[in-house]
Structures are given as structure tokens and as C-alpha cells.
Amino acid sequence: MMKMKMLVVFVTLVHVSQHASAVELYEGEEFVLLPCEFPTFDLDDPTVVWSRYDLNPSTVHQRQQEGDELKDQNQLYSSRTSMMTDALETGDLSLNLTKLRLSDSGTYTCTVRTFRRGEERVTDVQLHVKERFPSWAKVLLVLLVVGLVVSGGLLVHFRHYFMSVYRVEVDSGVKSVKLPCKKTVHLPEDVSVEWTDGDKRKVHVYQNSSDQPEEQHRLYRGRTKMKRNLKTGDVSLTLKYPTDTDRNTYTCTAYNKERKRLMKKQVILEVKVYRVEVDSGVKSVKLPCKKTVHLPEDVSVEWTDGDKRKVHVYQNSSDQPEEQHRLYRGRTKMKRNLKIGDVSLTLKYPTDTDRNTYTCTAYNKERKRLMKKEVILEVKVYRVEVDSGVESVQLPCKTTIHLPEDVSVEWTDRINRKVHAYQNNSDQPEEQDDLYRGRTEMKRNLKTGDVSLTLKYLTDRDRNTYTCTAYNKERNILMKKQVILEVKVYRVEVDSGVKSVQLPCKTTVHLPEDVSLEWTDGFNRKVHVYQNNSDQPEEQFSLYRGRTEMKRNLKTGDVSLTLKYPTDRDRDTYTCTTYNKERNILMKKEVILEVKVYRVEVDSGVKSVQLPCKTTVHLPEDVSLEWTDGFNRKVHVYQNNSDQPEEQFSLYRGRTEMKTNLKTGDVSLTLKYPTDRDRDTYTCTAYNKERNILMKKQVKLGVKDCQVEVEEGVESVQLPFKTTTDLPEDTYVEWRRYEPKYMMVHMYQNGSDRPEEQNKDYRERTEMKEDLLRTGDVSLTLKSPKLTDTGRYVCEVISREGNIWRQTTVKVKVKERIQIKDQTVDMRNRSSSTDPTPLMADQSV
């Protein structure tokens, strides 16, 4: 596995139900790492998808247990994305994006999918790729060229845009590479030189007329040598035994004794690694490692993979199998042609799990490195793609050799569950995993070497990498092949608010009269049951009761299902299964339902937001309307031609206003003073007087966090929160800090502040406005903010009975001031320390 050094800036923005972060880089940067972590190692058959929902198709990268799945990848990202090979095993789902373009700017969403748990959005990463040479600079450059701008000082100002970066490219395995750094002028004797990499690690330090190895990062220690031709200005660096982990941008900086910079140059190092590509099923593959010089008899050789696991060890003139990682034990053989320097490695029965970067290192008896080479192994796996619902699929496994009569054959999936076992001249169904029992049939053409497997009644759960292994009676491997199975599932996409959606399920065969049918969801809950020639509503899960209708065209094989008033909770994979009276499966099909929900996003602090709900049909005068939130709490109720405020949940009381344009079907809702606690999916449902649903629509509300930034030492900062006016006199208000440590910041109760309830850190430092209950302005002023005041603050407006009426979150960041030559300079780089303008907090939402 290739490991790259990356210069990445991560800025945490919000933490709601998922994480979010921001990354900012320049166009043309070699790569960026978009962070995402999730415990996928605890999940069964997980898939991770990186998406950009402003693109079509939206998929940036997809990885499954068997490897990358890029058939739906947006072509803008072709050959530019990668993930760790063991991402799903370690939970590090970060995405590596290379060769950055301006068009890469956007929001990247990391999502984990499993069959049982469905889809979980883990994180959003905001990537901003800035133009390296801005358009305004280009315009000024043109003006310079035509003589309209004569000031040479501008060229100095723009010098970093004109700086060229030297590029060096070498093969992995060369003894050394030179990174050039020259200046045409004479460098002084007391010059200091620093070489650093893209991660600001010190590669080489020269000071006081000598090298300073103790300053080097351990990765480079003992591997560098710098020229000291100060008269010619040549301080180029030699880096020994470069590998792909050394691919980086290196910076050479020279200073005089006053630490004034005399020179700064950059060089990009590219290390090419030899690639070997083979098909899964070959008996072996050779990983080349040769050196043109003679290797000594007492040489030691280590082959390691990208995870630093030992693949093969040769020491004291013999192999050391006990040193090998168990994954490679018994599968390797190394050449020992020391005179010609050939220590290439043969790896037997390679599979897709062997795709990796392998490193060959030779040492003398003093453990001094003599050679280091790398090779990338790619193992191609045959792919089979079918539609969900086909009766069966064949997974091919053939060899050109004759298989013996006493052969044993095992088919396994990627988590090593037994799919099919053949031994002692017969199938062994008791060995199979329950998931595959009764669904497999294997060919036994031993003379032609064909032991292909037929798998019946496919669903998306069967998407997997399958391995076919043949053994002789001594359990030695005779053949090992893999095949990737892709099962395509039909997708249906509708908008929230449609009256119904049809989930198709058709077969070309005639279904018998005594057929039984079951529609189930991804949690195996019964959506619809048909048995004994009639529907069985008592079998349905409560969520679907009264909302389904199934076709019964048994002669044409059409048993499609209609689902009424779909909402985002209905997003799922639905399975249609037909049985005969003996409960044998006749057909099994799947369909994925996507329900799109309209989104509204506002800033925290706006006076109100409208949640749209319109229908094209005329609503009757006796219509009843209910707006509910994601917890089914009543947001607004309209009944008997009037609003019913006593029905509302306390959090929404006095904050809603609904349109009643029944003739135009517009019953949109206005929600006043939205805060981050109002982020939710809201459902608008209209009923007739018999309580039958006439319309059901949803809207998702996003409210951006209120964020306040201030410099340490300013006079005060305000944490804003405005809500409805004329709050009851017995209302009390609490400001608390929840992160990084819980503290009571301010309490207002019975018409006055309660300083005795405050944490001592905030005593005499907080203040609320007078007449706050009448005005609804419950903002908090925090005096003399300190670095330790950084955190997440929550304000709650609470009724006498203890019900939370209003709530908001404010994130506060107090930035450190910088001391320069005994003068305090704030973080906004104010041009004059005598500027009389008072310092105020920067507030963003």
C-alpha cells in the first residue's frame, strides 16, 4: 500500500449529527486527504461512498470489501482518487484526491452503507481549491507588459506567483537522487541552510559550518548529503535510496547570520515504482528485485508489504519462515543469485488481497543498507454483473490442468464464509453458511478443470468477491481463482409529496394460483403479504399498514407494489419474494426506493423561515392539517377552520404561522426565530373529515451554526439569541457551556440574575439585557473573553413547569494575540497600533 506525505489543513466547522471539516489548497497541488473515520470493522459487509451531490453522477469514489467499485464514478475524478487498501478493516475511510483542479471545489460527503443498518452519513468535507495565479494578478501582469504599470515594486509583490518549481523524476531502486538548489551569487561562510519537506519536517540542516544530524526528522537521518560549494551558491542535496514514500515537495532555504533569507527554492521529487499486473488465478507472480553489483554472501534481504508486514526474510544464508506474516507463509520463494544481485520474489496464488506495494531491502552484516527497491502488484479479478431478480448466475472457475478424482473444492466469499464445499466426490451442504444453503450448484468436470458455481436467487447482499480453491488430498493448493459478482438493483426515485410510488416486480413465467408473496424492507420487516389468494394485513409491519396495494396479475407474473404517501423514512431496499405451496422460492427481486426531500437552509439569527407545502388540488373547507417534526412532535395543528395552539409541542408554541389558502392548496408554514435546534425534517399532512390522507409532504430544514470569533483581551463579546417577544414573567433563562467542560455561565430567574448559580470563572463577567422577556432578546454579553472561554454555549428559555420553550447553540472561539517586539498585534493585522477604533467581536453564522 502506497503511503504519501501530505500537506493538509483540517479546520473543524460544526458537529451536529455528523462531522464537518474544511480544507483549502491551491490549484495544481499534488494531492489532498479528505478525512473520514468510522468503525466499519464492526459492520457486516460495509460499503463507503464519497459523493458530491452537486454533480451528476454524484459518486466520487466507492469502496467495498473486495476493493474499489468505480463503475458509477463521475469522470471528473477518473484516475485521481484512492483509499487505503485496508480502509474498511481499520475504519480510516479518508479519500486521497490528486492533481487538484478549480472544479474540485465543493462539499464531499462520506457515507457508510450496510445491508442491515442502511445508510449513515459520517462527515461532510468542504474543499476549496484556489486559483494559484488569480485573475486580478493576470490583469495586472498584462498591464505591466504593455507598459501601463511601471512600478517594479508590483513584481516584487507578485514574485511568489512567478516562482517555478523544479521537478526531478527517478525510478524506485536507484541508489540516490540529487535535489538541485543553486544561487548565482556567493553565499557567506556563516550561511545556514535548511531543507524541509511538504510536511515541514527537517530533511537536512547545515549551520555553524557543519551538518546538524540531530535536527533531522528520523525518516531522513543517515540518508542525506549536502553540497557546500558556497562560492558557487550550490547547496544541492543528495537523498539516498528514494522510495514512493519520498514523493514530496522539498524546500531549500538559505539564511544569513541575522536569519534574513538569502534564497528559497523548491523541487518536486517523483519516484516511479515498477508495476506488475496479473490475473487472479495464475499459479504465481514474480516481483523483480535486481542490482547490477555483486551482493555479499552474508547479505540479509527483507521483503515487506505496504503495511510493513514481513513477506519474506533471508538471513544467515537461509530463509527465515518464522519471521513471515501468516498471510504469506508457505507462498513465497526468493532467488539467491547474489553474484548478479537478483533477489526477486515469487508469490504463489495471488488474489486481490495481495494488491500492494512491496519493498525489497538488502543489508550487509552491519545492517547498512545496500539496496532498496519497490514494486507495485496489481491483481485483476474477473467480474460478473447481473440484475437483481435473475434466477441464477454462473461464477466461472476453470483451469487448463486435469483435476484428480480426490480433489477438494471450496468456494468462499470475502469474509471467508463457505459458499460451497465439495469433498470425497460429493457436495457437503452441512459445511455451507446459512446464507448460501440450498442456493448453489457446482460443475464437476474434473477432466476439463471446470468447477464453476451456479448461485440462485440473487440479491444485492450477494455482491461479493468469491474465491474458488482446489486442493489435492494433502491439502496442497492446485488452483485458486477469484470472481467479483455485481448485482444491479433497480432504482425508483420520487419526490416527497407524491400520492404514491410503484415498486416494480415482474417475472416472465406464469405464477401458480397457490403462490405466496412477501414484500420486505431492508430490516426484514413485512411490507405486504399475499397468501391463500388474499392480502394478509395483520402480517404487515405497522409502518406500512393501510399504505400498500399489490397487483395480482399471476398469469403475466406482475406482482408490483404500490406504496402510498412515501416519505424519507421509506428510503430503503425492498425485496419481493414468491414461493410455491412447498415454500420453495420461485422468484426474488429487489428495488431501491429513493425519496427526495425539499431542502431549506438559513442562517442562525434570521427572523423567520418558510417551510413550503403546496398541492395542486383544492383542499376542502373541513380539512385538518398537521405539521410534525422528525420525532413526531406537533409543530402546528389546524382543525375546525382554526389553529389549535394547545396541541403544539412547547418548543414551537408561539413561533408558527400557517397559510390557509385552501383553494390554491398552499398550507406552507412560517417558523419564527429558527436556531440550530430546529434542524429537522418536517412533515405536512392534510386529512379530510374521515381522517383519510389527502396530501403528505416533507421539507428538510438546515440552520447554520452561530459562530462567534474574537481576539483575547477585547472589552466584550456578544453571544446572540433573539426569540419571540412577551415571554411569560415566570420564564427563566440559562446559558451553559457544554464543551470542552460543562459550566453554568449565567442564570436569569424570577426577574433577576442569579450570580450565586454561576461558575466562578464567569462571575462578574456576564450580563444580559434589561426587559429581556418583553423584547425576547436573551443575548449574553461576555466581558474580557479569555482563551479558556472557547467552547460550545447553549441557551435555554424554560417555562415554570420546566419545559424548554426556546433553545440555541453558539460556538465561541477566542483567538490568541501575537506579541511582536513588545507590541500587541491583533489577529486581523491592524495596520496601526494606535488605531482608535474599538475592537468588536467577529460574528459569523
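## Charges over rings

A charge sits over a ring if NZ of Lys or CZ of Arg is within 6 Å of the ring centre and within 35 degrees of the ring normal. In this predicted model, arginine 367 meets that definition: its charged end sits over the ring of tyrosine 363, 3.8 Å from the ring centre. Arginine 259 also has its charged end over a ring, that of tyrosine 255. There the distance to the ring centre is 3.8 Å.

## Tyrosine 436 and tyrosine 466

The structure holds nine aromatic pairs. One of them joins tyrosine 436 and tyrosine 466. Their ring centres are 6.3 Å apart. The planes meet at 80°, so the pair is edge-to-face. This pair links distant parts of the chain, 30 residues apart. Tyrosine 436 lies in the loop between strand E33 (426-427) and strand E34 (440-442). Tyrosine 466 belongs to strand E36 (residues 464-471).

Are these tyrosines buried or exposed? Tyrosine 436 is buried, with 0% relative accessible area. Tyrosine 466 is buried too, at 0% relative accessibility.

Phenylalanine 649 and tyrosine 652 form a tilted aromatic pair. Their centres lie 6.5 Å apart, with 55° between the planes. Tyrosine 652 is buried, at 0% relative accessibility.

Which residues make up the cluster linked by ring pairs? The members are Phe649, Tyr652 and Tyr682.

Note on methods:
Residues numbered from 1 in each chain as written. Predicted model: local features only at pLDDT ≥ 70, side-chain atom pairs only at ≥ 80, totals over all residues. Heavy atoms only, no water. Phe/Tyr/Trp six-rings, centres within 6.5 Å; stacked < 30°, edge-to-face > 60°. Helix = DSSP H or I, 4+ residues; strand = E, 2+ residues; numbered from the N terminus. Buried < 20%, exposed > 50% of the residue type's maximum accessible area, 1.4 Å probe, protein only.
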